[in-house]
Amino acid sequence: MAELALLTPGGAPDAPATVLPSLELLPHRLRVLDLEPAGLLSGPPATIVLLDATSALVRARTVARTLAAMQLDAPVVAIFSEGGLAALDDQWPVADFVLPDAGPAELGARLSRASLATTPETPDPTPVGQALRAGDVVVDEASWTVRAGGEPLDLTYREFELLKFLVGQPGRVVTREHLLHEVWGTDYYGGTRTVDVHIRRLRAKLGPERESLINTIRNVGYRFSGPAQQSPDPDVVE
């Protein structure tokens with residue numbers, strides 16, 4: 001049984017009945033969310049994302065691009081009206097599309113096809129205390145140091161914790177709220193603006209050749225794009 005998430009303007013619980021009626025005839029679990037990518041980062045992970053493009057085409061395309069940048073394990077299937085199909089081109093990074101009047105057999109086949117086309121990789125857990133390497137950036141929790149290109153970086157406690165968390169989640173999009181919870185703790189009452197400030201400082205200290213390692217996902221959060229590896233010797237730069 002698949003975990004489906006339907007992104008539709010307003011996120012009304014009764015939206016499936018009008019957007020894609022045959023959904024109610026399939027044995028899948030379904031969450032209905034507003035047309036915002038950030039909603040997918042909380043709650044049970046979706047195995048397939050259904051994107052409602054039957055009305056707000058421009059907004060839906062922007063959401064599709066954001067979802068592609070987030071590099072989710074879940075494929076995206078867009079729902080187009082017949083007239084809206086004229087807007088479907090290579091600017092829509094989706095796995096497949098379906099029309100609202102698709103029957104349960106067709107919808108089930110398209111969802112199965114999209115699901116089989118995506119094979120998520122499960123990252124190996126990183127032992128506590130192991131140094132992490134992403135390119136020439138090495139984060140060593142044991143010695144509480146960070147090196148970039150072999151040179152030590154002068155980071156504050158929060159900057160170190162923030163970088164360590166991001167490097168330990170390579171490719172994963174993390175919301176500002178989640179970063180506040182993980183790095184600043186549940187008893188911190190400041191706003192998410194402090195995350196943006198610390199990200200800017202981290203990028204400045206990493207330098208212009210490495211600042212792009214921390215990607216901004218607009219209206220969602222941040223992602224560390226470099227591949228993280230366990231490093232046997234944090235002082236050795238390959």
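The model examined here is a predicted one. The buried positions of α4 are Glu159, Phe160, Glu161, Leu162, Leu163, Lys164, Phe165, Leu166 and Val167. Each of these falls under the cut-off of 20% relative accessible area.

The arrangement of α4 relative to helix α5 was examined next. Two packed helices are described by the angle between their axes and the distance between the axes. The axis of α4 comes within 10 Å of that of α5 (residues 176-184), and the two axes cross at roughly 120 degrees. Because angles from 65 to 115 degrees count as roughly perpendicular and those over 145 as roughly antiparallel, α4 and α5 are therefore classed as oblique to each other. The crossing in which α4 passes α5 is right-handed.

Rolling a probe the size of a water molecule over the atoms shows where empty space is left. One cavity of 30 Å³ or more is present in the structure, and the largest cavity has a volume of about 40 Å³. Its lining is formed by Glu3, Leu4, Ala5, Arg31, Pro44, Pro45 and Ala46. Strand β1 (residues 3-7) provides the largest share of this lining, with three residues. By residue class, the lining of the largest cavity comprises five nonpolar and two charged residues, and no polar ones.

Methods. Residues are numbered from 1 along each chain as its sequence is written. This is a predicted model: local features need pLDDT of at least 70, side-chain atom pairs count only at pLDDT 80 or more; totals for chains, interfaces and linings use all residues. Side-chain values use heavy atoms; hydrogens and water are left out. Buried means under 20% relative accessible area, exposed over 50%, partly exposed in between (1.4 Å probe, protein chains only). Helices (H or I, at least four residues) and strands (E, at least two) are DSSP runs, numbered from the N terminus. On a 1 Å grid over the protein atoms alone, a cavity is a set of points where a 1.4 Å probe fits but cannot get out, and a pocket is an open set with protein on both sides within 12 Å along at least five of seven lines; lining residues have an atom within 4 Å of a point. Grid points are joined across faces, edges and corners, and a volume is the space filled by probe spheres set on the points. Ala, Val, Leu, Ile, Met, Phe, Trp, Tyr, Cys and Pro count as nonpolar, Asp, Glu, Lys and Arg as charged, and the others, Gly among them, as polar. Axes are lines fitted to C-alpha atoms, for helices over the stretch in contact, and angles run from 0 to 180 degrees between N-to-C directions. Angles under 35 degrees count as roughly parallel, over 145 as roughly antiparallel, 65 to 115 as roughly perpendicular and the rest as oblique. A crossing is left-handed if the near helix is turned anticlockwise from the far one by less than a right angle, and right-handed if clockwise.
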